[in-house]
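Visitor: I have just started learning how to read protein structures. Could you walk me through this one?

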Amino acid sequence: MNKHVSLSVNPKVSDWLEFRPAGRVILHTGKVNIGQHITSALVLIAAEELNIDPNQIAVAQTRTGSSPNENYTVGSQSMQHSGYAIKKAAATARNELTVRAAKFFGVSVEQIKIEDGNLFIEKTNQSISYWELVKNAPLECYVDETVDVKNHALHQLQGKHHIARGMWDIVTGTYEFIQDLKLPNMLHARVIRPPQYHAKLVNVDEKLIDKLAEENIYLVRDGSFLAVGAKSEFAAVKAAKRVAMTATWQIENSLDESDIYELLVKNKRDSLLVEKGCIPNKDLEIPPLDKTNVQGDITLNAIYKKPYIMHGTIGPSSGAAVFDGQELKVWTQNQGVYPLQAAVAEALRLQLDDVLVQFMPGAGVYGHSGADDAAFDAALIAKHLTNFSILLKWTREDEHCWEPYGSAMQCNLQASVNSNGEITSWSHETFSDTFLTRPVIGKEPASRLLSTHYLNESKPWPVTPPMLTVHGGIHRNIEPIYNFPSPRLVKHRVYDLPLRTSALRALGAFGNIFAIESMMDELAEALKLDPFHFRLKHLNDEQGIQTLIRLQELVDKDRVNFPQEAGLGISFARYKNSAGYCSLGVLLRVNGDAEVELIKIFCVVDVGEVVDISGVRSQVEGGIVQAASWSLYEQVSYDATGITSRDWDKYQIIAFNNIPEFCIDILDRPGSSYLGVGEITTGPTAAAIANAINNAVGLRLRQMPFNSEAIKSAALLS
Amino acid sequence: MKTIEIVLNGMNRSVSSEEGTPLIYVLRNDLGLTGTKLGCGLEQCGACMVLVNGEPTFSCVRTVEEFEGCVIETIEGLGNPEQPSLIQKVFAEENAAQCGYCTAGVIVSISGLFAKNPRPTDKQVKEVLCRHLCRCGSHPRILAAIEKLRGQKLDE
Ligand code: FES
Ligand code: FES
């Protein structure tokens, strides 16, 4: 029996790959392309195992029914899940077909060689292809997890530079995004949102409703949910504006605009002791913070803060749907077609089998953005306007104001170190809101869809209980990877906070690693120890040590070139303490306007066996740039009346004028397991930037964003 | 309805649309050129960039009437998957796109810049690129592609 998460649910070879006529292979995966080019890596894996040309392989679009159910594309796990499954499925297929070929030729399997999909006996002209072998006898076998995969010394494709699949279409504007869908009998739709979360629709001008009807513009109203649909997109845009201008809303509650960090420590919460990365028992007593001071030890206390951050996709969320009175078909750019299917079916009271959900690429989302909500909005409108295809697009303002943000966090740390430079005590408490309000199958998934809270029969906003699993949400990477004597780790799941939140790239790991790696730097500084040496002294993990040592080499080699006014900061983490490793160095200067100018990034990663080296590099660079943007510029702003970060002018992100040079080293470990890459750089980036600012100008910033105001006020206080 | 004449991707076209329609909707919906993307509709992100008389221009706010008589080029006019322009080719080779939503706009702007000046300075490149946002962090790859392009002879 297969134990692997994806293989246990989808155990057959044919769940993952099929041989199709004309020398083609189709791959099936539940993991979707969200900018990370996962399908490029999956194709390379299959082509490598099967000894065929990657161009012979196509990847089926992920959809309910025919695709393997792999839940969500999250947690930097696509390689460990789909990558592993496809590797084993392809190797099983190759073995099985080698046996068939041997039988066919009446020779032993050892005599069969494979090239370009042909199985042959050397020095003879006896040859048969995979496709001929499966023609009358399709592969019915189960994936054998114990199967021998191809020896990495024989790899011809993996670890080399490849142009990502779809890239030619992307650069020529022919790649089809969900926003580009053209469906029969299609209406463009827009939603008219309330001014803020807690509002009820009072009325819409009757005269306007009549006028819209005359213009063949459809108005959908269900409780406080309002949308328009029109044949022409611009007509829908204009109609939405007109409706918005005449709609009146009753505000039921204002947003609590008091300082978020005060709320985080003041509001109702569940406080849970974390042990070995998880919460083994909710009732474990939390030991009091050690206040005794051992003579000769240095004890530091510090509070690190991270505000609400947006996913901020460049293309606002979109969804499409058509309902024929029985069956509802939905197109989505979300990260899990099966959970969305369950959520939509529940919300619209349809049979699960009557809801078909298909993935279509959208702009990058980096977690639970507005994608699921937009898909539901489309479905809801389609249910009202039967037989029309609906293409629904959120506006920039919808996206900025209504997506579930990455939670604000506060981390309170205390650490002591003795005169030998050994850490003798460590306490880390994290206060935050949930990172998980995605639809989850079996857990009232409909309540996770935004618009269900505004319908006639509205659903209450979900209050999710604290996650207890290993490195779940808030406590992801709260567990230090270093060798500290019995660290005291506490997760505070805080309730009743003002903004809607959910999963954003790396979840709690971003804030927790920022805190740990800042504190490591503060301690090293207090002891006047080299930050590399101080970390290495507390690290037992061999692969981690290697990335840090390699980083030090890269940095030292370049030190002579560092501008005099520049500061260097370093950091290290292993994502979830079980996935990819990242050692990071940031070189920057603080200019006369107190702005951070990034000069150079040094980064060493270990992500296990590398399949698609270009994909890994893009994910490393992209993760660092995004996290640098979060750290330097970003903060969702709001007041009692609602979100005030309503567009890109009111929510600054990184621009091309602050992109540093990159020096990246990817340690390849052929033959070892995949470790994942997408989220491993975020936390280290924030910490290395804070550490570098301190190194450059002697100011310790503990609250993001590290913008010029923050630097100026730190300077005033110093 | 109003009809205007433009030269679009090298062809004379007369385009009829409801007055006041921003150019992008006409390009994407009426003319089927969906390579141009809508990101904000506020001239803040650059996803909608097209070349107008050779100048990179936002297409998400200004109305189609304003382009009467103009020479407009979209991403589709620069090349296609079988015959990409040199800039498109280098962007692909450098994998200078993750999700690819911002990519067309960036390539359009860079094509406009290189057409005028095949060896732009860092400052000129940054000036052009600062009208573009990318959320995936493809910036380093995009800059690598531009580095490769500098000084190379362009096809046309
Ligand atoms: S869509 Fe035109 S600038 Fe954003
Ligand atoms: S590549 Fe995704 S926004 Fe630029």
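Visitor: How many Å separate the centres of domain 2 of chain A and domain 4 of chain A?
Guide: This is a predicted model, in which local features need pLDDT of at least 70, side-chain atom pairs count only at pLDDT 80 or more, and totals for chains, interfaces and linings use all residues. Residues are numbered from 1 along each chain as its sequence is written, chains are lettered from A and ligands numbered from 1 in the order in which they are written, and side-chain values use heavy atoms, with hydrogens and water left out. In chain A, domain 2 covers 180-253 + 311-402 and domain 4 covers 542-717, with bounds that come from an automatic or database domain assignment. Taken over C-alpha atoms, the distance between their centres is 37 Å.

Visitor: How many residues does each of these two domains bring to the contact?
Guide: Contact means heavy atoms within 4.5 Å. Domain 4 of chain A gives 10 residues, and domain 2 of chain A gives 11.

Visitor: What area do domain 2 and domain 4 of chain A bury between them?
Guide: Buried area is the accessible area (1.4 Å probe) that two parts lose on being put together, summed over both. For domain 2 and domain 4 of chain A, carbon and sulfur atoms give 56% of a total of about 890 Å².

Visitor: Which residue forms a salt bridge with Arg646(A)?
Guide: A salt bridge is a side-chain nitrogen of Lys or Arg within 4 Å of a carboxyl oxygen of Asp or Glu. The rule finds one across the interface of domain 2 and domain 4 of chain A. For Arg646(A), the closest N and O atoms are 3.3 Å apart, and the partner is Glu397(A).

Visitor: Let's turn to the two chains. What area is buried between chain A and chain B?
Guide: Here 61 residues of chain A are in contact with 50 residues of chain B. In chain A, Phe234(A), Ile314(A) and Phe656(A) lose the most area to chain B, together 19% of what that side buries. Carbon and sulfur atoms give 61% of the area buried between the chains, which is about 4500 Å².

Visitor: Which residue meets Arg135(B) in a salt bridge?
Guide: Between chain A and chain B the rule finds five salt bridges. In the one with Arg135(B), the N to O distance is 2.6 Å and the partner is Glu634(A).

Visitor: Which element gives the largest share of the side of chain A that touches chain B?
Guide: Helices (H or I, at least four residues) and strands (E, at least two) are DSSP runs, numbered from the N terminus. The elements of chain A that give two or more residues to this side are helix H5 (167-172), strand E7 (186-192), helix H7 (233-246) and helix H15 (613-633). The largest share is 10 residues, and it comes from H15(A).

Visitor: Is Arg242(A) buried or exposed, or in between?
Guide: Arg242(A) lies in helix H7 of chain A, and it touches Leu208(A), Lys211(A), Leu212(A) and Glu215(A), not counting residues up to four places away in sequence. Buried means under 20% relative accessible area, exposed over 50%, and partly exposed in between (1.4 Å probe, protein chains only). Because its relative accessible area is 25%, Arg242(A) is partly exposed.

Visitor: And is Thr64(A) buried or exposed?
Guide: Thr64(A) is found in the loop between strand E3 (57-59) and helix H3 (78-105) of chain A. Among the residues it touches are Val337(A), Tyr338(A) and Gln341(A). Its relative accessible area is 9%, so Thr64(A) is buried.

Visitor: How far apart do the centres of the two domains of chain B lie?
Guide: Chain B is divided into domain 1 (2-77) and domain 2 (86-149). Between their C-alpha centres the distance is 20 Å.

Visitor: Which residues of domain 1 of chain B lose the most area to domain 2 of chain B?
Guide: The two domains of chain B bury about 1200 Å² between them, 60% of it on carbon and sulfur atoms. On the side of domain 1, three residues together make up 39% of what is buried: Met49(B), Pro56(B) and Ile75(B).

Visitor: Which residue forms a salt bridge with Glu55(B)?
Guide: The count between domain 1 and domain 2 of chain B is one salt bridge. For Glu55(B), the closest N and O atoms are 2.8 Å apart, and the partner is Lys116(B).
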